[in-house]
Amino acid sequence: YLEHIMGSAEEMSQLIKDLLAFSQSGIAVLQKESADLTQIAREEIDNLLIRYPGLDPKIEIQDGMSTNADKNLIRIVLDNLLGNSFKYSAKRLAPVIKFYAEESFGSCVYCIEDNGSGFDSDKADELFKPFVRYHDKEYSGTGVGLSTVKRIIDRHGGTIWAESKKGEGAKFFFTLS
């Protein structure tokens, strides 16, 4: 019983932390400055490798990605998106996680791609709503991370969307202005 109570308390604590992050992502004053996305992503990958001991994914991060953004909020975006890539790729024999940018119609589009469990693309828009979880208890989470990411991207004047096929990984794209 105590283990169950402690586990439930930990889940509640994480939910409260996620709700606070979600709330603060909508009210924090944007402090836009030059942000080295390559460096931030590498720092987040280092943190994720500690949180996922034993996972040895092939990581590909494009050099030279930078933008004008709020560094703290963009760190939250990359932590959530890269964290999801780690989480949903952890059961693969050879996990692969990529972060890169490409030009599309005159805009810079960033992409975080993995070969994880994926999801049905028909449900992609639902992923960005608070408390909506595609995967049940199979994977941990509170259902607040992607809604926080969307709120931050929106506040930067950008857009976020996802593409996937169940069992074939996922791609999360975003723009910033």
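Me: Axes are lines fitted to C-alpha atoms (for helices, over the stretch in contact), and angles run from 0 to 180 degrees between N-to-C directions. With that settled, at roughly what angle do the axes of α2 and α3 cross?

Reply: First, this is a predicted model with residues numbered from 1 along each chain as its sequence is written, and side-chain values use heavy atoms, leaving out hydrogens and water. Local features need pLDDT of at least 70 and side-chain atom pairs count only at pLDDT 80 or more, while totals for chains, interfaces and linings use all residues. Helix α2 covers residues 37–51 and helix α3 residues 71–89. Their axes come within 9 Å, and the crossing angle is roughly 45°.

Me: Which residues of α3 make the contact with α2?

Reply: Contact here means heavy atoms within 4.5 Å. From α2, the contributors are Leu37, Ile40, Ala41, Glu43, Glu44, Ile45, Leu48, Leu49 and Arg51. Facing them in α3 are Lys71, Ile74, Arg75, Leu78, Asp79, Leu82, Gly83 and Phe86.

Me: How many residues of the contact of α2 with α3 are charged?

Reply: Sort them like this: Ala, Val, Leu, Ile, Met, Phe, Trp, Tyr, Cys and Pro count as nonpolar, Asp, Glu, Lys and Arg as charged, and the others, Gly among them, as polar. Ten residues of this contact then come out nonpolar and one polar. The charged ones number six.

Me: Which residues in α4 are buried?

Reply: Buried means under 20% relative accessible area, exposed means over 50%, and partly exposed is in between (1.4 Å probe, protein chains only). After α4 comes Gly157, with a positive phi near 75°. Within α4, the buried ones are Leu146, Ser147, Thr148, Val149, Ile152 and Ile153.

Me: Zooming out, in what order do the elements of the protein chain run?

Reply: Helices (H or I, at least four residues) and strands (E, at least two) are DSSP runs, numbered from the N terminus. The protein chain has four helices and seven strands. Of its 177 residues, 41% are buried. From the N terminus on, the order is α-β-α-β-β-α-β-β-α-β-β.

Me: What are the planes of the rings of Phe119 and Phe172 doing, and what type of pair does that make?

Reply: Rings of Phe, Tyr and Trp (its six-membered ring) pair when their centres lie within 6.5 Å, with planes under 30 degrees apart called stacked, over 60 edge-to-face and the rest tilted. The structure holds six aromatic pairs. For Phe119 and Phe172 the centres are 6.1 Å apart and the planes sit at 50°, so the pair is tilted.

Me: How many residues apart are Phe119 and Phe172 in the chain?

Reply: Phe119 belongs to the loop between β5 (107–114) and α4 (145–155), whereas Phe172 is in strand β7 (residues 170–174). Phe119 is buried at 5% relative accessibility, and Phe172 is buried too, at 9%. The pair links distant parts of the chain, with a separation of 53 residues.

Me: What kind of pair do the rings of Phe128 and Phe172 form?

Reply: The ring centres of Phe128 and Phe172 are 6.2 Å apart and their planes are at 80°, so this pair is edge-to-face. Phe128 sits in the loop between β5 and α4, 44 residues from Phe172 in β7, and both are buried. So, going by that 80°, the name is edge-to-face.

Me: What phi does Phe105 have?

Reply: Most residues other than glycine have a negative phi. Phe105 is in the loop between β4 (96–104) and β5, and at 86% relative accessibility it counts as exposed. Although not a glycine, Phe105 has a positive phi of about 55°.
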